[in-house]
Amino acid sequence: MTADLRTEAFDIVITGAGIGALTLANYLAPLGFRILILDRRPGFDPVHRGELVQPLGLSILEELSLLDDLKKLPHTLYKSFDFLDDEGRLLMRSSYEAVPGPHPYALAIEPHLMDQLLAKNLSQHSHIVIRHESDFKNFSVDSSGVTATYERGGQSRMVLARILIGDDGRHSRVREIAKIPGTAAPYRDSYLGGSLLLPEDPSSCPPAIADTTGRYFLGPRSIFFFFSVSERRRFFLLLLPNRDREKFFAGGTGPLLRRLDRQIPGFAEIATQGGLDDPDRFMELSVWKVDLERWSDDGVVLMGDAAHAMNPHVAQGRNQAMEDARVLAPILSKALLSGPLVRRESLLLYEKERIPVTRALHRLADEMTRVWNSGNPFVVRAREAAFRGIGRMPSLERKIVTTIGGLRILPLSHWDKFRALLAGLIPG
Ligand SMILES: Cc1cc2nc3c(=O)[nH]c(=O)nc-3n(C[C@H](O)[C@H](O)[C@H](O)COP(=O)(O)OP(=O)(O)OC[C@H]3O[C@@H](n4cnc5c(N)ncnc54)[C@H](O)[C@@H]3O)c2cc1C
């Protein structure tokens, strides 16, 4: 490793070119701040999974005048999702029509397409630089600003800035070096993910495959989420209990594909054609919870998964990273005017606004994990009854989709849950 003696100066250095960083840079772009975004990846390549952009994320993209462009990319719009038991009986259809605001739907997309769009928009601003294959290593802070070091092309480089932003994901090195107190740990269960590419004419596929309906099959200790991100691309997630891959595939892929084929007829044949008769083709996606006491220090601030990685049951991580950006942008632009170093006291408003929201989502996600991932027959029966009950009670359904849509956090009270359970136990 050689040292590159050139030292560059920027107003803001961001480690990690995740959706949080890209959204923040898009908000700040018109203000002219010099921004350097470092990412160790070679580019915005596919992450081999689909994600949901909720009404919250859609409203942010609209604010940035990027929503129309996003809709020109391959995607699928969801006005509702179906929740079924493992026999394929419909428990509840959760509809976004109840969500207040201009976007009563979610948009499913391969996330790298969205990242590329945001990065392309930044490329028209010469004061914003995205540098891939750049591995952030360390930083120090003094009254004259932040000095960050990173490695690129076998050379160690140095950059001066007035603030360092950590959007470097759940294993954040920025968080570690800044010694921000809190917990960062994986959940007990993880997911296996995979995708199916349909033939050029998807209507030639079995109807359950061609159908783009988003379907969650919930059984005892099993979850199968099947959804579409374009006319030809389907993604799925499977619960991997105890992250035990060996046990999950103990009988090979045969029993698994047969089970999934009962839920989505035609699945096994297309999955086999796509090579999913090999367990190694199922990608493990671990699930983390990051819950911190604070998100900033003098010269440093965290966003996205680095600050609050959350369980995908709430389908919010990407959307909440975007919301971090929306809240942080005006606070930061004001703080940058106050001197050579952005101090923590000028970022407290960001923490005050964002930490309670992400904590509430963590609480909700933990509760969903206890109920959705359960194999206890009483919990499974109660869960199914509650789903049926919520489907019959529009006021409760509205609370749930408003929360999942990211617009407001409206958790169900004990009384709500009791009413849902009762309503679901009545044959109807
Ligand atoms: C199975 C699963 C399903 C999900 N589904 C959804 C969904 O439907 N909707 C939703 O909103 N969210 C979903 N999420 C969550 C979502 O993927 C994340 O919350 C989101 O991507 C976080 O974005 P971020 O801005 O924090 O950056 P990240 O995506 O975490 O990116 C961090 C970046 O930092 C870079 N980096 C790390 N360390 C360094 C370093 N030292 N130097 C340089 N670069 C570095 C990495 O290369 C990476 O590009 C899901 C997550 C999982 C696991």
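Two ground rules. Because the model is predicted, local features need pLDDT of at least 70 and side-chain atom pairs count only at pLDDT 80 or more, while totals for chains, interfaces and linings use all residues. Residue numbers start from 1 along each chain, as its sequence is written.

Domains first. The protein chain splits into domain 1 (2-52 + 111-185 + 288-364), domain 2 (190-285) and domain 3 (376-425). Those bounds come from an automatic or database domain assignment. The centres of domain 1 and domain 3, taken over C-alpha atoms, are 36 Å apart. Eight residues of domain 1 are in contact with five residues of domain 3. In contact means that the C-beta atoms, placed from the backbone, lie within 7 Å. Which helix gives the most to the domain 1 side? Helix H12, residues 348-372, with four residues. By class, that side of domain 1 has six nonpolar, two polar and no charged residues. For the classes, Ala, Val, Leu, Ile, Met, Phe, Trp, Tyr, Cys and Pro count as nonpolar, Asp, Glu, Lys and Arg as charged, and the others, Gly among them, as polar. Helices (H or I, at least four residues) and strands (E, at least two) are DSSP runs, numbered from the N terminus.

H1 packs on H11 at an angle of about 35°, with the axes 8 Å apart. Axes are lines fitted to C-alpha atoms, for helices over the stretch in contact, and angles run from 0 to 180 degrees between N-to-C directions. The crossing of H1 past H11 is right-handed. Left-handed means the near helix is turned anticlockwise from the far one by less than a right angle, and right-handed means clockwise. Among the residues that meet are Ile 19, Thr 23 and Tyr 27 in H1, and Arg 318, Met 322 and Leu 328 in H11. This contact has nine nonpolar, three polar and three charged residues.

Next, H2 (residues 55-63) on H11 (residues 317-335). Their axes come within 8 Å and cross at roughly 40°. That makes H2 oblique to H11. Angles under 35 degrees count as roughly parallel, over 145 as roughly antiparallel, 65 to 115 as roughly perpendicular and the rest as oblique. H2 passes H11 in a left-handed crossing. H2 brings Leu 56, Gly 57 and Ile 60 to the contact, and H11 brings Arg 318, Asn 319, Met 322, Glu 323 and Arg 326.

Last pair. The axes of H13 (residues 377-392) and H15 (residues 414-425) come within 6 Å and cross at roughly 95°. That makes H13 roughly perpendicular to H15. By class, this contact has 10 nonpolar, two polar and four charged residues.

Conventions: Two residues are in contact if their C-beta atoms, placed from the backbone, lie within 7 Å.
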